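Trainee: I would like to go through the labels on this model one by one. Please set each against its definition.

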Amino acid sequence: RSLRTIAGRTLAASLLAVLAACGGAANEEEAAADDLTGVYNDLADVLEGVTDSDSLDAAKEDMRDIAEQMKELRDQYEALALDTESQAKLSETVTIDLQKAQQRMTAAMMKVGMNPQLSMKFQEVMKEFGDAFDKP
């Protein structure tokens with residue numbers, strides 16, 4: 001799997017999961033979006049600190065924790081078993097802060113992933129991140 005595929009799948013699933021996790025009331029959706037904003041910012045913080053192989057190794061544990069948080073949110077979403085229309089409606093409830101956090105996180109991922117000294121190792125780390133998110 002490519003870095004972009006792993007990141008895209010993880011982000012899409014976590015977005016829907018968090019927006020749906022609280023059951024649908026507008027203020028609850030906003031609170032859920034705020035939770036996801038925090039997770040995205042946490043991941044961006046971790047990745048922005050990656051400058052070399054050692055700092056990438058150090059970031060792995062934090063990334064595992066973040067993947068676990070995303071997985072919990074995904075599991076809450078899946079338990080709701082929403083229909084396609086409800087999923088689409090929830091996806092529309094994206095805040096500006098959430099969009100900014102997603103952009104920041106994506107930029108941090110791309111910066112590390114495009115670093116020639118780190119790109120191969122980062123792909124392995126992102127695979128582990130995706131695997132941690134995917135496992136039951």
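Trainee: What makes Leu73 buried or exposed?

Mentor: Leu73 has a relative accessible area of 13%. Buried means under 20%, exposed over 50%, and partly exposed lies in between, with a 1.4 Å probe and protein chains only. Therefore Leu73 is called buried. Remember that this is a predicted model: local features need pLDDT of at least 70, side-chain atom pairs count only at pLDDT 80 or more, and totals for chains, interfaces and linings use all residues. Residues are numbered from 1 along each chain as its sequence is written, and side-chain values use heavy atoms, with hydrogens and water left out.

Trainee: Where is Leu73, and how far is its C-alpha atom from that of Asp35?

Mentor: Leu73 sits in helix H3. Helices (H or I, at least four residues) and strands (E, at least two) are DSSP runs, numbered from the N terminus.

Trainee: Why do Thr37 and Ile96 get their labels?

Mentor: Thr37, in helix H2 (residues 26–48), has a relative accessible area of 10%, so Thr37 is buried. Ile96, in helix H5 (residues 96–113), has 55%, so Ile96 is exposed. Their C-alpha atoms are separated by 9.7 Å. From Thr37 to Lys100 the C-alpha separation is 8.4 Å.

Trainee: How do you know that the span of H6 agrees with its residue count?

Mentor: The expected span is 1.5 Å times one less than the number of residues. For the 16 residues of H6 that gives 22 Å, and the end C-alpha atoms are 22 Å apart, so the two agree.

Trainee: Which residues of H6 are buried?

Mentor: Ser119, Phe122, Val125, Met126, Phe129, Gly130, Ala132 and Phe133. They cover an arc of only 160° around the axis, so they lie on the same side of H6. The arc is that of the directions from the helix axis to the C-beta atoms.

Trainee: What makes a space a cavity?

Mentor: On a 1 Å grid over the protein atoms alone, a cavity is a set of points where a 1.4 Å probe fits but cannot get out. Lining residues have an atom within 4 Å of a point. The search of the whole structure finds one cavity of 30 Å³ or more.

Trainee: Which residues line the largest cavity?

Mentor: Lys60, Met63, Arg64, Val125, Glu128 and Phe129. Helices H3 (53–80) and H6 (119–134) each supply at least two lining residues.

Conventions. 1 Å grid on protein atoms, 1.4 Å probe; cavity = no way out; pocket = protein on both sides within 12 Å on 5 of 7 lines; lining within 4 Å. Points joined across faces, edges and corners; volume = space filled by probe spheres on them.
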